[in-house]
Amino acid sequence: MMIAARCLRSVLAVAAALSATEPVPPGMIDAGFLQDLDGRSRALREPAWSGRVLLVSFVAIWSARPGDRPNPNRSQAVFIRSIGSQFASDGLKTLIVGVPPAGMTHGELRNVGLAWGTDVVEIAVDPQGAVARSHDVDRYPTTLLLDAADRVVKRWEGLAPTHELASAIGDQLHVR
Amino acid sequence: MRKGPIGSLVVVVALALASPLAAATHYVDCANGDDAAAGVHPDRAWASLDRLNAIALEPGDTILLRRGTRCRGSLRPSGSGVEGAPITLDAYGIGVPPVIDAADAPAAIELFNQQYWHLRNVETVGGNPYGIHVSGNLPGVLRHFRIVDVIVHGVRGTVTNKESGLIVVSPGAAATTFEDVIIDGALAYDSTQWAGILVGGDDFGGTPTSPRSRNVTVRNSTVHDVHGDGIVLYQVNQGVIETSVVHDTGLNPSPAVGTPNGIWTWMCGDCVVQFNEGYRTGSPGVDGGVFDIDYGCSNNVVQYNYAHDADAYCVAVFGAYWTTTDSVIRYNVCANNARDASKAWQGDIYVLTWAGGALDGLEIYNNTIVWSPAVEAYAVNLKGARLTGSGPRRFLNNLIFSDVPQLIDASSAAGMQIDHNLYWHAGTAAPLWRLDAVESTLTDWRFGGHDANGRYADPRLADPRREHSAGPTPAFAPSAGSPAIDAGAELGAMGAHDFAGREIPHGRAHDVGALEWRARSTPGNSGWFRKSPRHLRQQR
């Protein structure tokens, strides 16, 4: 009985420690894990993306026959790339998070990401869609703009047009 | 009636006899392959494009190039697919797309008098004067091409004509046309030849009655750093250019070949240009604009586009030699264009005819123009247009916010209905309207028959120059109390939504400009493509 109680206390202590290290105030990004195209585990709150103006777009990777009909997620990737190329020199980080269909291998995801172009934007994968769900993303594409304090300052559901992205980013970076 | 075993066997045998030969898959590994191998398995892949070029491909065949490898030379495969069984070029393995390095060969990938082809997941570098070239010279129609998720760059040579560039689908003889062409997800950049993406339907000498290609779509593509045009449809019916981006076009140092634009249609029937972005488009001479309905076009629409920071205009409509009919320019946002002082005179909206050409049917409505040219010039230039015929002639519901006094020149736009526009000059000089080659005041302008319902007032845009925007309203949209709200005319068949994809009209009437005012407009839903794909809905 004492052993069981000791175990329970240990579990509670670990849980408390974990929750203490992962406080996520409302409106801020959480610590959900992504995978980059090399399969490495990444977090939105890691230094590469946190603490700077970050445009992150959640896009669905789905298996419609390529090219036969419009795909707003593919379109969003094109627009994010355009924005990235215009604002990278001002300090903007751009990230496309692909949410895949069940059963898609990491290799297949890597191929899709590479086809979308990684020369300007970073591309990561949210294998189970958990990070997307933690941000209440239930429509794709959904795009978030985070300020240097990791707060979500703008949100677009549906295809985010480049003029709105540029306007909001310009405000955050204090550039015209 | 139920079939017995013999009946089923007959069906199976009949199907087998009716089926074409089994489709083959050919593997090429330019790093570790062997041309003496069978080429039918990744472990027995061929080593060169020459080996592929030597075989006759059959309908349904697939060519797979190994990812992460570089193949030198050109892919000039033989054979055509058929309906339902195209021939496919794709990649296998994991990693970066395979590269075809053409060096100075005429093209990295060339299809000639072939049809039913899919090209996917390849990168090409080099070629002179083409990167990917699809062509033919036999009378008739070449059908069904898909060029998807390709990267094409590094095309070299001195440009000598407009039928050259990174991705060129264009016939070598006037009697050849294309049908059912989709280019989706192409990244095309770095070319000293002319076009980024060109799909043509004639051998560059056509008339409005010449054969045209049909059902052509370019979408989700990016073109930059090219010496000529960005994306062009020439001699096409039912063409679409959408959700694409062009920038840094028109880099050719000489105008000898022509004067380019970003995205445009030429001799195009029933063509739509929409949801695109263009910036830093240039030209060694005139033009250098972002969008253009050019001569010989009929029933073209340019809508929901964003043109900014271009050397020259936002949108042009041209008529030459023949009559350009039924052009519609609507719900576009034009911002900070005319960066090149030598091109500012063209304006942001530029309408021109020459060489006996005319315009029959021209509707320009609900565009937002933020005009801050490098030198003083009129934001809207309608003075050089010959209007003819019975088609509608309207310049309505447009919002012009200008840093210079010159707002609109309609000197020769006889019969044009110009009304319900909202003008504002954000400066101290008196604003100018130009009518019959005389600069005038708003009173004179109205006396001349224009803008009885138009206004000169601060439109109270949320952020016309991306400055001072602390609120939630997107740039270029009217804020509460704007005189643009509910001030537009109802034209009928104006489309279902505004530039941002939100339903129109909102309120008592249409607003002036490309963006309809909302009390709560963002953070928001663009209204474009809201539904999640099925597999993601099912996860929840």
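**Contacts, core and chains**

Guide: Setting aside neighbours within four places in sequence, B:Ile132 is in contact with B:Ala107, B:Ala108, B:Ile109, B:Leu119, B:Thr124, B:Ile147, B:Val150, B:Val152 and B:Ile167. Two residues are in contact if their C-beta atoms, placed from the backbone, lie within 7 Å. This is a predicted model, in which local features need pLDDT of at least 70 and side-chain atom pairs count only at pLDDT 80 or more, while totals for chains, interfaces and linings use all residues. Residues are numbered from 1 along each chain as its sequence is written, and chains are lettered from A and ligands numbered from 1 in the order in which they are written.

Visitor: Which residues have the most contacts inside the largest nonpolar core?

Guide: They are B:Ile132 and B:Ile197, in a core of 201 residues. A nonpolar core is a set of buried Ala, Val, Leu, Ile, Met, Phe, Trp, Tyr and Cys residues joined through C-beta atoms within 7 Å. A residue is buried if 20 or more other C-beta atoms lie within 10 Å of its own, exposed if 12 or fewer, and partly exposed in between.

Visitor: Which strand gives the largest share of this core?

Guide: Strand β18 (residues 231-242) of chain B does, with 7 residues. The core also draws at least three residues from each of domain 1 (22-204 + 229-252 + 261-287) and domain 2 (289-524) of chain B. Those domain bounds come from an automatic or database domain assignment, and strands are DSSP runs of E with at least two residues, whereas helices are runs of H or I with at least four, both numbered from the N terminus.

Visitor: How far apart are the C-alpha centres of the two domains of chain B?

Guide: The centres of domain 1 of chain B and domain 2 of chain B lie 37 Å apart. Across the boundary, 24 residues of domain 1 of chain B are in contact with 24 residues of domain 2 of chain B.

Visitor: What supplies the side of domain 1 of chain B that touches domain 2 of chain B?

Guide: Strands β20 (263-269), β21 (272-274) and β22 (277-281) of chain B each supply at least two residues of that side. The largest share, 7 residues, comes from β20(B). By class, that side of domain 1 of chain B has 10 nonpolar, 10 polar and 4 charged residues. Here Ala, Val, Leu, Ile, Met, Phe, Trp, Tyr, Cys and Pro count as nonpolar, Asp, Glu, Lys and Arg as charged, and the others, Gly among them, as polar.

Visitor: And chain B as a whole; how many helices and strands?

Guide: Chain B has 4 helices and 41 strands. Its radius of gyration is 26 Å, close to the 24 Å that the globule rule gives for 540 residues, so chain B is as compact as a globular protein of that length. The radius is taken over C-alpha atoms, and the rule is 2.2 Å times the number of residues to the power 0.38. The C-alpha trace of chain B spans about 85 × 60 × 45 Å along its principal axes, and buried residues make up 59% of the chain.

Visitor: Why is strand β30 of chain B described as largely enclosed?

Guide: Of the 8 residues of β30 (residues 358-365) of chain B, 6 are buried, so the strand is largely enclosed by the rest of the structure. Strand β27 (residues 323-330) of chain B runs parallel to β30(B), joined by 7 bridges; two strands pair if DSSP finds at least two bridges between them. In this pairing B:Val328 stands opposite B:Glu363. Strand β33 (residues 393-396) of chain B is also parallel to β30(B), with 4 bridges, and there B:Leu396 is the bridge partner of B:Tyr365.

Visitor: Changing topic: where is B:Ala509?

Guide: B:Ala509 is in the loop between β40 (455-456) and β41 (524-525) of chain B. With 16 C-beta neighbours inside 10 Å, B:Ala509 counts as partly exposed. Beyond its neighbours within four places in sequence, B:Ala509 is in contact with B:Asp486, B:Gly488 and B:Glu490.

Visitor: What about chain A; how many helices and strands there?

Guide: Chain A has 5 helices and 7 strands, and buried residues make up 48% of its 176 residues. In helix α3 (residues 106-115) of chain A, 7 of the 10 residues are buried, so the helix is largely enclosed by the rest of the structure. The buried residues of α3(A) pack against β4 (93-99) and β5 (122-125) of chain A. Just after α3(A), A:Gly117 takes a positive phi of about 95°.
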